[in-house]
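Here's a quick tour of a few spots worth a look in this structure. Have the sequence and the 3D view open as you read.

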Amino acid sequence: MNYPSQIRSWEQYQSAYHKSVEDPEGFWAGIADEFNWHRKWDKVLDWNFSEPGVKWFSGARLNITENCLDRHLAAEGDRPAIIWEPNDPSEDSRVLTYKELHAKVCQFAHVLKNNGVRKGDRICIYMPMVPELAIAVLACARLGAIHSVVFGGFSAQSIADRIQDAQCSLVITADGAYRGNKEIPLKAVIDDALVHCPSVGKVIVLSRTRVPISMIKGRDTWWEEETRKVEAQGNPPCPAESMDAEDMLFILYTSGSTGKPKGVVHTCAGYMVYTNYSFVNVFQYRPGEIYFCTADIGWITGHSYIVYGPLSAGATSVRFEGIPTWPDAGRFWDLVDKHKVNILYTAPTAIRSLIGFGLDPVSNKDLSSLRVLGTVGEPINEEAWHWYDEHIGKGRCPIVDTWWQTETGGILISNMAGVTPAKPSYATLPLPGVQPLLVDERGEEITGNGVSGNLCIKFPWPSIIRTTYGDHDRCRQTYFATYKNLYFTGDGALRDEKGNYRITGRVDDVLNVSGHRIGTAEVENAINMHTGVVESAVVGYPHDIKGQGIYAFVIFSGNRSDADGIRKAIAATVTRIIGAIARPDKIQLVGGLPKTRSGKIMRRILRKIAEGETQNLGDTTTLLDPAVVEEIKKGKL
Ligand code: WT7
């Protein structure tokens, strides 16, 4: 494949950016022309940010899987699409060419059809990072079923909430998953979740760990048996469902400042165009290169830059089932060496955790294949940036710092590898089509350079969130109501003298723990479910590896003599309700929480204390009972 809309120079970037602002419809129509459509659009863009209502490529018809698979078959069908690396290095890796992946997706789409799946049905996917996860995702898209992938670290309760919210009719899972030296009993977790989910009639189970599991008659069936049935039918072809440009492609749940995660909805055409465009431009992918994104498909990074972006570009990508530190902290570098990876895309938290192991795990690995490095998920501190640059890129690989969100579908602010300049800890400049601005508290635009404020976007890009599933008003409230006619990101940012953006972190009650988004209200709700807990307040604090750690202040009414036991039990409750990713790092049992006279918790004070600041707590004059603060300061962990 060649990439006609790949930008190759600073001048081209400037002219593309200019055109994207002056004539957005012409700009995106030119890019969309590169794809295969059943029918072209009547209108490129219709939009308002007040409802909100955003439609890209209205009237067009397509299927994203034809653009990710079928269109590569004739010329590049034998090129590897997926190089899969298992958790355990002694197990063989697997390679799937585009032809093989296409065949497996068609076959599994028939499995889904045989199990009653039709266009528009919602399908929950809870699987390990094996090739079958991508196959399941693409098979849904082939039929026009809406996938809702849930990360393998979420609890039964979290899965049940997500399944019920979307009214999923079928679940695709595996018996278990391997992660480092741990085995995760995926099917047992699903069984617990499904006790509360009457909408689910079928469960398809892939065998991976071969742990004994229960298989419920009439409901549960094996992936392998189902695919054998399709083989017995002679593996019939599977024409792709013709989808409207604005039909839903998937739902992905993410946390916000309320206690309830919301289902972010992305639609077919705009998402396809933007993930492809951003992939080829940010990473400057060249035909034949090996690309490795270390994320899990359970997060948006995996959806956009493991599945849809790279496959629509005909790229070859490495997918890894395991973790960076098992069997030792050299695993990523072993994979780079073994598969001759050219582009590596990972998270600052992974880099920081590997820095802690020193240079031994890196020193004897051949990393000379690397050409481009990338980071995503959280601000990267300068120390981690320089370590990545020096010890992994050997000072010769551009680093792209990619800022985006589940809601944006694709990378919005980033340098383009080797084409636009990098600046450590800066995401730098917007991609063509993206119009960021900074506003103050009142929503007034802050113009000029060398300023900071709240980051908003003033014009739609093709992969912008369309709605929150089942509750459109929530989408309006959360993203489009804070500032009139603007999409509000929830992030704070500063803009340097040259117009480069540096994202400084969330300005709402959302934490970023190891690149995972966690709402403080969600964690508080889980803690408050624990017996004896009267009230709690959760804040973030700086954590060397995770970026932010979770600090919980908890009023506990029962016998407090075994404080350690109580803390462990509360942590276990959070793990049970949400999942281990939301487990507080610190739990301090307190007699009271700092409140204003009107009963509002003064989180600002708690944040300071959690950060280790005990002297300068800012304005405390509205505090109802100053003694509470003194007690908390004394008990600080
Ligand atoms: C939040 C979105 C985007 C995929 C992974 C996370 C933070 C993301 C960066 C970056 C600074 C970043 C923001 C954003 N974030 N990338 N390069 N520099 N901060 O997706 O779970 O939707 O979280 O992650 O705070 O709002 P997500």
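S148 sits in strand β7, which covers residues 146-149. Keep in mind that this is a predicted model. With a relative accessible area of 1%, S148 is buried, because anything under 20% falls in that class.

What does S148 touch, once its neighbours within four places in sequence are set aside? Its contacts are I123, C124 and I125, plus I251 and Y253.

## The seven-stranded sheet

Now for the open sheet: seven strands line up as β5-β4-β17-β16-β18-β19-β20, with mixed pairing. The edges belong to β5 (94-97) and β20 (399-402); each has a single partner strand, so one side of each has no neighbour in the sheet. From one strand to the next, the twist averages 20°.

Inside that order, β18 (residues 343-346) and β19 (residues 372-376) run parallel and pair over four bridges.

## A helix across two strands

Helix α4, residues 98-114, lies across β4 (80-85) and β5. Against β5, helix α4 runs at about 85°.

## The loop at G612

G612 is in the loop that links α18 (603-611) and α19 (626-634).

G612 and L637 are 25 residues apart in sequence, and their C-alpha atoms are 9.3 Å apart in space.

Conventions:
Residues numbered from 1 in each chain as written. Predicted model: local features only at pLDDT ≥ 70, side-chain atom pairs only at ≥ 80, totals over all residues. Heavy atoms only, no water. Pairing = 2+ DSSP bridges. Axes fitted to C-alpha atoms, helices over the stretch in contact; angles between N-to-C directions. Contact = heavy atoms within 4.5 Å. Buried < 20%, exposed > 50% of the residue type's maximum accessible area, 1.4 Å probe, protein only.
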